[in-house]
Amino acid sequence: MKKLLSLILTLAMLTMLAACGGGDTPAPNGSNQSTANQTYNVGLLQLVEHPSLDEIRTAIEAELADKGYGDVIKIDYVNGQNDATTMNTAAQKFVADGDDAIIAIATNAAQSVAAATQDIPIIFSAVTDPVAAELVSDLSAPDGNVTGISDYIDVAAIFGLAEELTPDVQTYGFIYNMGEVNSVSVIEQAKAYLDAKGIAYEEAFVTNIGEVTTAAQSLVGKVDAFFLPIDNTVASAMSNVADIANANQIPVYTAADSMVNDGGLATAGVNYTQLGKQTADMLIRILIDGESVADNPVEVLTEYSVTVNPETAAAIGVDVSAYTAE
Ligand code: TRP
């Protein structure tokens, strides 16, 4: 009887040991180091789905996979629907989940997540003017939990291209959302540039995607060309703007290649796949290599390349052959 009892006890202890000893069981991949199985959770908030922001997100995910972190870094993606409430809710969820880092694509998304946490590292992607957006006070020395990659816009490059392609423009029409600091910042630059040249401009404002068509129509007959800053609201309805402009022979200069692909005439802009890659690389340094936010100054893309839309050019009779020839 005593022997049986001790046998039962021994069995019970063995069972308990086996239950606690999971860490010693070789992992399916053959590694028996528990750290090899560590995963990280990263919230990813994208302001809205339009081609350029989608391109960035795709590039981030591709770079994480290429560098071998596809299964190690788990992305919890939320589309902010260009809506402040949706974005604030997403930001609070990332914080409540205890995410290891947060990526925010576009300015207003970054502002939502920055308002939700002062602790979790935030890496923004494609924020045009991070200082004006009050995400950092100094690009070269982030002193909080926020850093990232900026798509600074060089209006002189875009207007220089416009002067070459359509030299007779006397009045530009701007369409933008004043609730996007990124747009306001580029428009301020544009106004300073055009004022210095004595070229006039008219403005049409939008507060949501549904207002973009009316805004574009309101400028027809008043302007010789459109200049569209890096505005997410306008980019989300770009084909509507292009339809109106092209039907009225109005050249459209934009701040992003995606808006040219969606029917605009031309831009000199940055490469958003490259921008997404740099975003992922910064995330890897902070999450995996143990670097801090302060170790990572804001990276600003400054390589601009010209994109033209040959179909639009043909439709409105502008010669873009200088940029399409081999
Ligand atoms: N730079 C924009 C921002 O700060 C985001 C953006 C990236 C964008 N690519 C774009 C906006 C293309 C319009 C079109 O929010």
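Strand β5 (residues 146-150) pairs with β11 in the parallel sense over two bridges; strands count as paired if DSSP finds at least two bridges between them. Within this pairing, I149 stands opposite E299 of β11. Helix α11 (residues 272-287) packs on the sheet and touches β1 (40-46), β2, β3 (101-105), β4 (122-125), β5 and β11, contact meaning heavy atoms within 4.5 Å. Helices (H or I, at least four residues) and strands (E, at least two) are DSSP runs, numbered from the N terminus.

The model is predicted: local features need pLDDT of at least 70, side-chain atom pairs count only at pLDDT 80 or more, and totals for chains, interfaces and linings use all residues. Residues are numbered from 1 along each chain as its sequence is written, and side-chain values use heavy atoms, leaving out hydrogens and water.

The sheet as a whole is open, with six strands in the order β2-β1-β3-β4-β5-β11 and parallel pairing. Because β2 (73-79) and β11 (299-300) stand at the edges with a single partner strand each, one side of each has no neighbour in the sheet.

Helix α4 (residues 107-116) is mostly covered, seven of its ten residues being buried (under 20% relative accessible area; exposed is over 50%, partly exposed in between; 1.4 Å probe, protein chains only). These buried residues pack against β1, α3 (84-96), β3, β4, β5 and α6 (181-197).

A salt bridge (a side-chain nitrogen of Lys or Arg within 4 Å of a carboxyl oxygen of Asp or Glu) joins K197 and E163 at 3.6 Å, N to O. K197 lies in α6 and E163 in helix α5 (residues 155-165), so the pair ties together parts 34 residues apart in sequence.

Note on methods: Axes fitted to C-alpha atoms, helices over the stretch in contact; angles between N-to-C directions.
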